[in-house]
Amino acid sequence: MTEKRVNSAAEMSPPGSASTDPWDEVAQRLGADLFLDLQPDPGVSARGRGATRRRALTEALRAAILDGRLPPGTALPPYRSLAADLGLARGTVSTVYQELIAEGWLIARQGSATRVAEGAARGPRSPGIRATALPHTIRHDFSLGQPCAGMFPRADWVRATRRVLTETPDDTFSPAHPQGRPELRHALTTYLSRTRGVRTAAEHIVLGTSVMAALELLSRSVFGAVVAVESHGLPFHRQALERGGTRVVPVAVDDAGMVIDDLERTGASAVLLTPSHQFPTGVALSPARRMQVVDWARRTGAIIVEDDYDGEFRYDREPVGALQALGPDVVIHAGSMSKSLSPAVRAGWLAMPPELVGKVLSAKGIREPDAGIIDQLVLADMITSGAYDRHIRRSRQVYRQRRDDIVDAISGIGLELPGIAAGLHALIPVEHAVEGALVHRAYERGIAVVGQSLFRHPDAEPLPRGGVAVGFGTPAASSFPADLTALADVLAEVLRR
């Protein structure tokens, strides 16, 4: 059994110290001393270990709140401190905190510690919901941000790897250039132009590991003091920008995407968008607003960053082209392979205006610090051989059917999915008063879903309706029918209440 103890600086305060003692102030910022039992599941494969650790931490914190070890008002350690003490990734702990905030277990205010919410020992504050012991395992996993692991194209990957290792020259194994391998940059130039309409060249692409890492890099090298983001969006976007030293301000979203009129009033030097399939609402940025935001960037000298989230997975018609095609002089097109292949494939890219490439490369350093060069060569081979296109077409058919099945299942209880038919997640709309109860009941049944409120910027107004985000790419093919039935049952039950 693995037992983790979180040590706060309070242990170093001398007895009887005054309230002005700086060590006492440090201890207050670091929060409570915690004992968390994170026992690994010996039956879990290495491929599923990251999600298992996240669930274990979530359940351990819930259990500590429910049994009174963390009373209401208790200050938790900052996620960075807890991550270091538990040996977990910062993003893992940050995601757990935000999930528990969204469910009503924790509260967070700007400039203050994250604390246990009043009444949290009775579960999230929703009428008619009784606190019960939560499951130790997730039986129906609708986690967000990942494709179906069983669909990874192993045979194509093995063949490409064999070719690459056989044919690549010896200097491939030397320290790598920070811009990334030219083979993948050339392959992406052709692929992004053909499938997304991106207008770029190999020398204007910088390779890396992920969109998250790219945003932190841009924050350190390109952005000014303030970056605008969608009022509801991916938390790791905001966290990456803030780690790079940028202040983030929210801009409202509606049925046509970000409200660009509101963007004009922020004074931001850059804006981050998910224009092809806004997360989590699922809408596309309207054509008029696409032109408007490009005009804003050109008038003000600002930069637009487009996370082409789910751009390849459009089911009702041909994919909406990349925003970058309208303004390659002011738009940075960011993408990765995490949704199309796997988050385990650490490969991402930035297609940039030419004058920004040098700034980003200077910030990266004289050699590539993180990205796996063999993976870059394997991906280049898969793109040029056509294997990657075949995988996308196969995946698109599977995910289209899964989304259709969700539409059919929830239509029977009077619900309808908003947004366009695209991506790997669906936002099931419910009233705000129901959202927390639904998420809590789902976790009691072993169903992993996320409340829409998790994605709201702390300074943003809530959307008119609440919702529950469901990652339909995650379940295994063998379990998806049972997973969907369990989800529909809990929806119907909570809505009846």
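Helix α11 (residues 354-364) has the buried residues Leu356, Val357, Val360, Leu361 and Lys364, where buried means under 20% relative accessible area with a 1.4 Å probe and protein chains only. Seen down the axis of α11, these buried residues fall within an arc of 140 degrees, so they line one face of the helix; the arc is that of the directions from the helix axis to the C-beta atoms. This is a predicted model, in which local features need pLDDT of at least 70, side-chain atom pairs count only at pLDDT 80 or more, and totals for chains, interfaces and linings use all residues. Residues are numbered from 1 along each chain as its sequence is written, and side-chain values use heavy atoms, with hydrogens and water left out.

**Around helix α11**

- Helices (H or I, at least four residues) and strands (E, at least two) are DSSP runs, numbered from the N terminus.
- Glu355 and Ser362 are exposed on the other side of α11 (exposed: over 50% relative accessible area).
- The cover over the buried residues of α11 includes β6 (205-208), α7 (211-221), β12 (303-307) and β13 (331-336), with contact meaning heavy atoms within 4.5 Å.
- Gly365, which follows α11, has a positive phi, near 110 degrees.

**The sheet**

- Seven strands form an open sheet with mixed pairing, in the order β6-β14-β13-β12-β11-β7-β8; two strands pair if DSSP finds at least two bridges between them.
- β6 and β8 (247-251) stand at the edges with a single partner strand each, so one side of each is left without a neighbour in the sheet.
- Strands β7 (residues 226-230) and β11 (residues 270-273) run parallel and are joined by three bridges.
- Val227 has Ala270 as its bridge partner in β11.
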